[in-house]
Amino acid sequence: MFHLNRFATFAPAKQNNMKAYFNYDMVPLNYIHCLNSACTRGESCLRHLVALHVPQNLKSVVAVNPSNYPADAGNCPYFRSTVKRRYAWGISTLFDNIPYKKALMLKRMVRDIYPQTTYYRILHAERGLSPAEQERIAGLFLRAGITETPVFDSYLEEYDWDECHVPKARTTL
């Protein structure tokens, strides 16, 4: 961890739509920040965007060690795009328009993908489904002979934090 006051001076975020509405509360715990203000890809890097919005009351953050900044920003292993992805929330109505026997089979197949607690968090919209997970569920529908695209309870555009972090549930939508 780097102590903010010692290692970094944060310039105010440039006011474009993405940055003007950034909510730091959505940043996963221990998410790696990037403090490299000289990076040529900084404007489109989620880790840099997060670093620009660290609240003043936060004493420290996890950050890329400056000695590990790559010489070629195009090959940075820490880069995460600021482009948002469409996450699905909730599956409580997913099987409503499917014949009963197929719905039971599909529900079991979807339940088998996830551990029980994760399945129930997805069911109750406490955990989002990534685009890849939505495609996997759509594949189950096709295997069951259902040609309609699965429709989830709701959809939100979210940052793709990384492979270890999925968007947090929102208390107000």
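Author: **Helix H6 and its surroundings**

Helix H6 covers residues 131-143, and its 13 residues reach 18 Å from the first C-alpha to the last, close to the 18 Å expected at 1.5 Å a residue. The expected span of a helix is 1.5 Å times one less than its number of residues. Helices (H or I, at least four residues) and strands (E, at least two) are DSSP runs, numbered from the N terminus.

This is a predicted model, in which local features need pLDDT of at least 70 and side-chain atom pairs count only at pLDDT 80 or more, while totals for chains, interfaces and linings use all residues. Residues are numbered from 1 along each chain as its sequence is written, and side-chain values use heavy atoms, with hydrogens and water left out.

Within H6, the buried residues are Glu 133, Gln 134, Ile 137, Leu 140 and Phe 141. Seen down the axis of H6, these residues fall within an arc of 115 degrees, so they line one face of the helix. The arc is that of the directions from the helix axis to the C-beta atoms. Buried means under 20% relative accessible area, exposed over 50%, and partly exposed in between, with a 1.4 Å probe and protein chains only. An α-helix has 3.6 residues a turn, so residues three or four places apart point the same way.

On the face of H6 turned away from its buried side are the exposed residues Glu 135, Leu 142 and Arg 143. After H6 comes Gly 145, with a positive phi near 85 degrees.

The cover over the buried residues of H6 includes E3, H4, strand E4 (128-129) and strand E5 (154-158). Contact here means heavy atoms within 4.5 Å.

Ile 91 counts as buried because its relative accessibility is 1%. Leaving out residues up to four places away in sequence, Ile 91 touches Val 110, Tyr 119, Ile 122, Leu 123, Leu 129, Phe 152 and Asp 153. One of these, Leu 129, is 38 residues from Ile 91 along the chain, and their C-alpha atoms are separated by 9.6 Å.

The segment after E5 contains Tyr 159. Tyr 159 is buried because its relative accessible area is 8%. Its C-alpha is 8.2 Å from that of Ser 81, although Tyr 159 and Ser 81 are 78 residues apart in sequence.
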